[in-house]
Amino acid sequence: MDLLAVHDLGCTTEDGSQIFSGVELTLHEGDVVVVQGKSGCGKTTFLKCLAHLNLYSGHILFCGKTPKSYGAPIYRTKVAYVPQRPPLLPGTPRDFLATASLFKSRRKGKGRKDARSSEDFEHPLKIASSWGIDSQLWDREWTNLSGGETQRIALAIGLGLDTAEVLLLDEPTSALDQDSCLIVERHILDALNSSENPLKAIVWITHSPEQASRVGTRFLQFTGGSSYEEPSPPV
Ligand SMILES: Nc1ncnc2c1ncn2[C@@H]1O[C@H](COP(=O)(O)OP(=O)(O)OP(=O)(O)O)[C@@H](O)[C@H]1O
């Protein structure tokens, strides 16, 4: 069965302008679909539609079922969007992790609101630490973190909660220096290939042709209000 099947996906803004239409994508286990295209062509909006965070037309099926049938919060733990810049959230990353792990607990069917276990917190902290994030930063307000710190912490949560089967990464390393970028890339790809992690596929927006070549197995180009797949990374 297809992991994620996207058919005739379209998105229109509230004032009626069409951002894109007719997008087709079938995601299989092991895919790293790199999404590229000019600024403003709709890449972020596409990822938000896949995460059921944006209204859309057309059809999305995850393992043969609609997002609605999972319930949006649970669906979003399985098909998880990691924003380029997390919206200005109140509180600290640790607060956010506490909320996110509640959905994980609910997904596991424990049924208790306080069903967080220490492992929910340990893995994201461990990943972030391996990327140079000091544990103190988890207790700092989001607004007082640098772009690169915010980006690594958001990504560590997305990976480390160990619930995402599809990760939707929106320019995940855009605020990082080259060395950090390579370390984070390697970690994400290792997680995809690890039997201990539920991660099965990634949709990855990047403006870097070098990064596209390093990480991509498939290449989706957005242009002119729609998309097409290329056999190799565009140069
Ligand atoms: N809620 C909204 N209301 C109106 N217009 C929107 C909304 N969200 C996005 N847009 C517009 O839709 C277009 C696509 O935006 P999007 O952020 O998806 O582009 P992008 O390809 O990810 O750009 P970038 O590469 O610069 O990040 C832009 O013109 C943007 O201004």
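**Salt bridges, pair by pair**

Visitor: How does Asp-190 count at 40% relative accessibility: buried, partly exposed or exposed?
Guide: We are looking at a predicted model. Buried means under 20% relative accessible area and exposed means over 50%. Asp-190 has 40% relative accessibility, so this residue counts as partly exposed.

Visitor: Which residue forms a salt bridge with Asp-190?
Guide: In this bridge, the closest N and O atoms are 3.2 Å apart. Both partners sit in helix 7 (residues 178–193), and because they are four residues apart, about one helical turn separates them. The partner of Asp-190 is Arg-186.

Visitor: Which residue is joined with Asp-31 and Arg-218 into one network?
Guide: Salt bridges that share partners make up this network. One of them is the bridge between the side chains of Asp-31 and Arg-218, at 2.6 Å from N to O.

Visitor: How many residues apart are Asp-31 and Arg-218?
Guide: Asp-31 is in the loop between strand 2 (18–27) and strand 3 (32–37), while Arg-218 belongs to strand 8 (residues 218–223). Asp-31 is buried at 9%, and Arg-218 is buried at 16%. This pair links distant parts of the chain, and the separation is 187 residues.

Visitor: What is the N to O distance between Asp-139 and Arg-94?
Guide: Arg-94 is partly exposed, with a relative accessible area of 27%. The side chains of Arg-94 and Asp-139 meet in a salt bridge, with an N to O distance of 2.7 Å.

How values were computed
Residues are numbered from 1 along each chain as its sequence is written. This is a predicted model: local features need pLDDT of at least 70, side-chain atom pairs count only at pLDDT 80 or more; totals for chains, interfaces and linings use all residues. Side-chain values use heavy atoms; hydrogens and water are left out. A salt bridge is a side-chain nitrogen of Lys or Arg within 4 Å of a carboxyl oxygen of Asp or Glu. Helices (H or I, at least four residues) and strands (E, at least two) are DSSP runs, numbered from the N terminus. Buried means under 20% relative accessible area, exposed over 50%, partly exposed in between (1.4 Å probe, protein chains only).
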